[in-house]
Amino acid sequence: MRLALCNEVLAPWPFARQCEWAAAVGYQGLELAPFTLGEAAWRLPASERTALRRAASDAGIRVSGLHWLLRQPEGLSITSPDAAVRARTLQVLRGLVDLCAELGGEVLVHGSPAQRRLTPGDAAGARERAAEVFAAVAEHAQAAGVTYCIEPLAPPEADFIHTLAEAATLVRAIDRPALRTMLDCCAAARAEAEPVHGLLARWLPSGLLAHVQVNDPNGRGPGQGALGFADILRALRRHGYAGWLAVEPFDHHPDGPAAAARAIGYLRGLLEALD
C-alpha cells in the first residue's frame, strides 16, 4: 500500500510547496483535485503539465491520480437529457484522463454527485445516459493506461450509486477493462449496512475494487473520529491490496496541514503495529 494525500487539503499553497510538504511528512503521492489547478485543468497546456510533473519529481513524490473531477467548469452532467451537455462533459472527462496519464497518475475517481443527479421523471433514462458516458470514458482510460473508478456516495449527497454492490453491477454491465469501482470510508460507513472492513473482505477478491480513500464518517481525517482503521488496514493487507490509500478529509481540523500530518502519523502507526 502506498499513502497519498488529496491535494485540496493543502490548497491554496502552490503545487510545488504541496509536493515538498507532503513528501516531507511521509506521503508517497498526491491525488489531485483538478479544480486546484484552475477551471480548465482538463486542457492545461503542455508546458504547465511538464512543470507539474517536474515539481512532483523534484520533491520525490508522485501524482497518484485525480478525483473530484467535475467541480469545474460549471454546467456539466453525465445524466442530462441534453446531448450537448453530455458531450461537453465527456470532452472534459477525456481531457482529465489524458492529464492523469501525462502526470504519471494511475487512477481517476468519479464522485461528482451533483453532476450525476437523476433526471426527475426519467430516472431510468438518466441511468442509461450515465452508463453510456462511463463506457466512453472507460474506453479512453484503457487507451491511456489508467483506471477509471465509479465512486459510491451516500445519500443525501448523491441520489445514484450509493453502494459498492450498485457500482459493481454497473461496472459489470458496462464491461470495460479500465472501469472499476472504489471505496471511500466515509461514504461506505454512512451508506452500507456492512462494516467497512467487511466490505473490503468481500469486494477485494472480486477484482472490481481498485482504489481506497480513507476518512472518518464525521468528515475528518482517519484517527479523528470513531471509525477504527486497524481492521480496515488489516483487511487490505490480508487481501493483498497494493494500490493507493488516499487520505481525503473534508473537515480540515484544525487546518489542512495539521489534519494531513495527523492522518499519516496515525496510519503509519497502525501499519507498523500490523507488521
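**Starting at a strand**

In this predicted model, begin by selecting Val 247 and displaying its surroundings: once neighbours within four places in sequence are set aside, Val 247 is in contact with Ala 4, Leu 5, Cys 6, Tyr 27, Val 214, Pro 222, Ala 263 and Leu 267. Val 247 itself lies in strand β8, which covers residues 244–247. Is Val 247 buried or exposed? Its relative accessibility is 0%, so Val 247 counts as buried, the cut-off for that class being under 20%.

**Turning to the charged pairs**

Side chains of opposite charge can pair when their charged atoms come close. How many salt bridges does a search of the whole structure find? The search finds nine, and the stops below visit some of these.

Select Glu 102 and Arg 49 next, which form a salt bridge whose closest N and O atoms are 2.9 Å apart. With a surface displayed, the two partners can be compared: Glu 102 is partly exposed, at a relative accessible area of 38%, whereas Arg 49 is buried, at 7%.

Move on to Arg 220 and Asp 251, whose side chains meet in a salt bridge at 3.0 Å, N to O. Here too the pair links distant parts of the chain, 31 residues apart: Arg 220 sits in the loop between β7 (209–214) and α8 (230–238), while Asp 251 sits in the loop between β8 and α9 (256–274). Arg 220 is partly exposed, with a relative accessible area of 25%, and Asp 251 is partly exposed as well, with 32%.

Then select Arg 202 together with Glu 194, a salt bridge in which the closest N and O atoms are 2.8 Å apart. Arg 202 counts as partly exposed at 44% relative accessibility, and Glu 194 likewise counts as partly exposed, at 26%.

**Last stop**

Finish by selecting Arg 2, Arg 62 and Glu 106 together, because these residues are linked in a network of salt bridges.

Key: Residues are numbered from 1 along each chain as its sequence is written. This is a predicted model: local features need pLDDT of at least 70, side-chain atom pairs count only at pLDDT 80 or more; totals for chains, interfaces and linings use all residues. Side-chain values use heavy atoms; hydrogens and water are left out. Helices (H or I, at least four residues) and strands (E, at least two) are DSSP runs, numbered from the N terminus. Buried means under 20% relative accessible area, exposed over 50%, partly exposed in between (1.4 Å probe, protein chains only). Contact means heavy atoms within 4.5 Å. A salt bridge is a side-chain nitrogen of Lys or Arg within 4 Å of a carboxyl oxygen of Asp or Glu.
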